[in-house]
Amino acid sequence: MEKPNQDWKARVEELAHTRLSDCYQCGKCTAGCPRGAFMDMPPTRLMCAAQIGEIKQAAQADSIWRCLSCLTCSARCPKSVNVSGVVDALRQISVETNSTSPKSAKIVGFQKAFLRNVRRNGRTNEVEMATDFEARYFFRRFDVMNVINTGMLGPKMLARGKMHFALGSPVKDKELVKRIFAKCGVEL
Ligand code: SF4
Ligand code: SF4
C-alpha cells in the first residue's frame, strides 16, 4: 500500500537527520548551488516539495542525480537545514521505490556499477567497473554509441594512467565490506 505523505516526510527527516519545517524558503541554498542552473528542481524547490509531502515528485526529479554532494547548500542555510542530506535521502527513496527519472538512468547505472565494484573488491577496478556498466547499459538500451564512445576513451585513459587493469593492493577484510553493504540493504 502507498505510504501517506506524512510517512514519507518522516522518512526523509530520519535519513537526513534534519527538520524539513525549519526551511523558510529563503533560496540561499539554490543561490550557492554550482549545479542549480542544470536542475529541473533546484534545492529550494526540492525542499518545498519535501515540506508539503510531495516526496515522490521530488524523488522523480532529475536534479537529485545532478547534485555533486558538495555540501554548499547545507553550509549556507541560515536555518542549518541539511539540504544535501535531504537530496541524499531522496536518492535513496528514488532507488528503493524504483521511481528514478528515465533521464537519469545512465547516472544511476554508473553509480550502481561503482558500488557493485566496491562491494566485490573493496575498492574500484576501473576496467572491470566500466565493462560492467557498459554491458548492463547496452543490454538495457541497446545504446551502441555509448559503448563506442567509452571504448574510444579507454585507451586514452590507460595511456594517462587514469585506468588500470590490475586491482592494486587488496583490501584486507573483504567480508567486512560485504557486511557493510548488506547492512545498507540497497539493491544493486
Ligand atoms: S537555505 Fe535553508 S532555509 Fe533557505 S531555502 Fe534553502 S533549506 Fe530553506
Ligand atoms: S550538495 Fe548538491 S544540491 Fe547542495 S549545493 Fe552541492 S550540488 Fe547543489
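A residue counts as near a molecule when its C-beta atom, placed from the backbone, lies within 6 Å of it. Keep that cut-off in mind for the first stops. This is a predicted model, where local features need pLDDT of at least 70, side-chain atom pairs count only at pLDDT 80 or more, and totals for chains, interfaces and linings use all residues. Residues are numbered from 1 along each chain as its sequence is written, while chains are lettered from A and ligands numbered from 1 in the order in which they are written.

**Stop 1: ligand 2**

Select ligand 2 and its surroundings. 15 residues surround ligand 2. The closest are Cys-33, Cys-67, Cys-70, Thr-72 and Cys-73. Now colour by helix; helices (H or I, at least four residues) and strands (E, at least two) are DSSP runs, numbered from the N terminus. Helix H5 (72-76) and helix H6 (83-96) each give at least two residues to this shell. H6 gives the largest share, three residues.

Next, colour by class. Ala, Val, Leu, Ile, Met, Phe, Trp, Tyr, Cys and Pro count as nonpolar, Asp, Glu, Lys and Arg as charged, and the others, Gly among them, as polar. Around ligand 2 there are 10 nonpolar residues, four polar and one charged.

**Stop 2**

**Stop 3: the whole chain**

Zoom out. The protein chain has 10 helices and zero strands. Its C-alpha atoms fill a box of roughly 50 × 35 × 35 Å along the principal axes. Select 5-96 for domain 1 and 102-184 for domain 2; such bounds come from an automatic or database domain assignment. The two domain centres, taken over C-alpha atoms, are 27 Å apart.

**Stop 4: H3 and H6**

Show H3 with H6. Two packed helices are described by the angle between their axes and the distance between the axes. Axes are lines fitted to C-alpha atoms, for helices over the stretch in contact, and angles run from 0 to 180 degrees between N-to-C directions. H3 and H6 pack at about 65°, with axes 10 Å apart. That makes H3 roughly perpendicular to H6. Angles of 65 to 115 degrees count as roughly perpendicular, under 35 as roughly parallel, over 145 as roughly antiparallel and the rest as oblique.

Contact means C-beta atoms, placed from the backbone, within 7 Å. Select Pro-43, Leu-46, Met-47 and Ala-50 of H3, then Val-83, Val-86, Val-87 and Leu-90 of H6, which make the contact. The contact of H3 with H6 has eight nonpolar, no polar and no charged residues.

**Stop 5: H7 and H8**

Go to helix H7 (residues 105-121). The axes of H7 and H8 come within 9 Å and cross at roughly 135°. That makes H7 oblique to H8. On H7, the contact residues include Phe-110, Ala-113 and Phe-114. On H8, Met-129, Phe-133 and Tyr-137 are among them. By class, this contact of H7 with H8 has six nonpolar, two polar and five charged residues.

**Stop 6: H8 and H9**

Finish with helix H8 (residues 126-141) and helix H9 (residues 144-159). They pack at an angle of about 165°, with axes 9 Å apart. That makes H8 roughly antiparallel to H9. Select Ala-130, Glu-134, Tyr-137 and Phe-138 of H8, plus Asn-146, Val-147 and Thr-150 of H9, to show the contact. These residues divide into four nonpolar, two polar and one charged.

Methods
Two residues are in contact if their C-beta atoms, placed from the backbone, lie within 7 Å.
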